[in-house]
Amino acid sequence: MLCCPTRASIDHPQALGPAYEHPEQLSDGSIEKYLRPLVSSEQRTRDLQRFLAAFDNKHTLAIEARLKTLKAPTLIVWGTDDVYFDVKWSHWLAENIPGTRRRVEFKGARIFFPEERWEEFNKELRAHWQVARQAAQ
């Protein structure tokens with residue numbers, strides 16, 4: 001059980017390392033902000049374990065029929081080295097959401113790419129919003 005870990009265990013780069021392209025650049029403060037609330041009590045730790053154990057794409061697959069009717073302008077941005085969500089799922093989403101306007105891959109990026117590559121991500125997001133706004137007018 002992970003209840004109330006030591007500061008050293010929270011600050012260890014591997015605590016969140018697999019989620020980052022450059023875990024060596026992750027600050028102690030960032031790790032603390034992400035993990036401390038998740039392990040602050042035995043109940044929170046159990047909740048986290050239950051969440052991780054239940055993590056499955058079945059929830060997305062269960063709404064496939066509804067996704068096929070989603071016409072809202074959609075931008076799909078994915079990291080190609082994400083250890084949690086294979087890039088094949090970005091293709092699947094693009095194929096199943098008719099509102100998909102653009103699918104972008106950040107080569108080498110992982111799940112926290114909006115934090116690590118915020119400038120690239122913001123550029124894509126702003127361009128998407130601009131096109132969607134123009135189309136709506």
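1. A residue is called buried under 20% relative accessible area, exposed over 50%, and partly exposed in between (1.4 Å probe, protein chains only). Leu 52 is exposed because its relative accessibility is 52%. The residue sits in helix 3 (residues 42–54); helices (H or I, at least four residues) and strands (E, at least two) are DSSP runs, numbered from the N terminus.

2. The model is predicted: local features need pLDDT of at least 70 and side-chain atom pairs pLDDT 80 or more, while totals for chains, interfaces and linings use all residues. Residues are numbered from 1 along each chain as its sequence is written, and side-chain values use heavy atoms, without hydrogens and water.

3. Helix 8 (residues 118–136) has 19 residues, which at 1.5 Å a residue should span 27 Å; the end C-alpha atoms are 26 Å apart, in agreement. The expected span is 1.5 Å times one less than the number of residues.

4. Which residues of helix 8 are buried? They are Phe 121, Glu 124, Leu 125 and His 128. These cover an arc of only 95° around the axis, so they lie on the same side of helix 8; the arc is taken from the directions from the helix axis to the C-beta atoms. Glu 119, Lys 123, Arg 126 and Arg 133 are exposed on the other side.

5. The buried residues of helix 8 pack against strand 1 (74–79), strand 2 (100–106) and helix 7 (113–116), where contact means heavy atoms within 4.5 Å.

6. Ser 90, in helix 6 (residues 88–96), is buried, with a relative accessible area of 0%. Leaving aside residues up to four places away in sequence, Ser 90 touches Ile 76, Trp 78 and Arg 103.
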